[in-house]
Amino acid sequence: MIDIETIKDNVSNLSKKLPSLNIDSIFLEQDGKLDKVFYNEECLHELRSCSKLLVAMAIGIAIQKGMITLDTLIYSSIKDIVDIRNENIFKKLDIKEFKWNNFGKYCPGSTGLYLKHSDFHKIGKLLLNNGRYNNIQVIPKNWINEMCSLQLETPSAFKSERVFPKDGVGYYTFISTNDYIFRDGADGQYIIINKDKNILITIMSREKEMKNVTEILRNVI
């Protein structure tokens, strides 16, 4: 089990050593028990590249519905993806307040999504629980398994000194060592799961040095 007090101590110690460590909030869920650290109020926070998870999940639903295939040009189906995101994901997760900036006439998908941390955590629960939320199968189980499985090894991206070195990629996820899977976004947004240990960690930050954020989990996970 991850000791939440150790994480707090790590944050305190690192804050004294590092030039900056701008962490807004941490959610740690183990075996269904949720702890919230540095969490004061609900406000919309930009997810940056963590937005890609919603695109991948919407694509999985679209494939199940027979609307597209993996070979389909996704941009031709972008309206369908947006509709699926709203009706089949956000509505089922009871996500009512969000913002997703358009670039011109289109939603970029890869960035621009703003969510509250509690809603961001729900996206992580879909990954951890094989696409289920509150006993509803929101995303096809087999698609979540594909998202969280190694699709391509990336030896050039592997950095052994990192807390979560990147062994390779799934579908918009990173596969790390010791059965950890994560998605990160610029300025230190993280969804981290370990299915075998039933652990979900979500972090929202304003930290340019992203490696500083995961340092709070060193010798903890």
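Reader: Is C43 buried, partly exposed or exposed?

Author: The general idea is a set of cut-offs on relative accessible area: buried means under 20%, exposed over 50%, and partly exposed in between, with a 1.4 Å probe and protein chains only. C43 has 43% relative accessibility, and therefore counts as partly exposed. Please note that this is a predicted model, in which local features need pLDDT of at least 70 and side-chain atom pairs count only at pLDDT 80 or more, while totals for chains, interfaces and linings use all residues. Residues are numbered from 1 along each chain as its sequence is written, and side-chain values use heavy atoms, with hydrogens and water left out.

Reader: How many disulfides does the count give?

Author: A disulfide is a covalent bond between the sulfur atoms of two cysteines. The rule applied here asks for a pair of cysteine sulfur atoms within 2.5 Å. By that rule there are 0 disulfides. For C43, the nearest cysteine sulfur belongs to C50 and is 16 Å away. For C50, the nearest is that of C148, at 13 Å. C50 has a relative accessible area of 1%, so this cysteine is buried.

Reader: Which strands form the open sheet of 8, and in what order?

Author: Strands of a sheet pair through backbone hydrogen bonds, either parallel or antiparallel. In the present case, strands (E, at least two residues) and helices (H or I, at least four) are DSSP runs, numbered from the N terminus. Two strands pair if DSSP finds at least two bridges between them. The order is β2-β1-β13-β12-β11-β10-β9-β8, with antiparallel pairing. At the edges stand β2 (33-37) and β8 (152-153); each has a single partner strand, so one side of each lacks a neighbour in the sheet.

Reader: How many bridges join β1 to β2?

Author: These two antiparallel strands are joined by 5 bridges, and Q30 stands opposite K33 in β2. Between β1 and β13 there are 7 bridges, again in the antiparallel sense, with I23 opposite S205. β12 and β13 are joined by 5 bridges, and Y190 faces I203 in β13. The hairpin of β12 and β13 has 4 residues between the strands, and N198 there takes a positive phi near 55°.

Reader: Which residues of β13 point one way, and which the other?

Author: In a regular strand the side chains alternate between the two faces of the sheet. From β13, I199, I201, I203 and S205 point one way, while L200, T202 and M204 point the other way. The strand is mostly covered, since 7 of its 7 residues are buried. Helix α4 lies across β1, β2, β12 and β13, and runs at about 145° to β13. Such angles run from 0 to 180 degrees between N-to-C directions, with axes fitted to C-alpha atoms, for helices over the stretch in contact.

Reader: How many residues has the largest nonpolar core?

Author: A nonpolar core is a set of buried Ala, Val, Leu, Ile, Met, Phe, Trp, Tyr and Cys residues joined through side-chain atoms within 4.5 Å. The largest one here has 39 residues, and M57, I89, I123, L127 and I139 have the most contacts inside it. Among the elements that each supply at least two residues are α3 (78-90), α4 (117-128) and β12 (189-194). The most comes from α2, with 9 residues. Beyond its neighbours within four places in sequence, L127 is in contact (heavy atoms within 4.5 Å) with residues including L53, M57, I144 and I191.

Reader: At what distance is the polar contact between the side chains of D24 and R206?

Author: A polar contact is a pair of N or O atoms within 3.5 Å; within protein, one must be able to donate a hydrogen and the other to accept it, and residues adjacent in sequence count only if both atoms are side-chain atoms. The side chains of D24 and R206 are joined by one of 2.7 Å. D24 lies in strand β1 (residues 23-30).

Reader: Where is S176, in terms of β10 and β11?

Author: S176 is in the loop between β10 (174-175) and β11 (181-185). With a relative accessible area of 5%, S176 is buried, and its side chain reaches the backbone oxygen of P165 at 2.7 Å.
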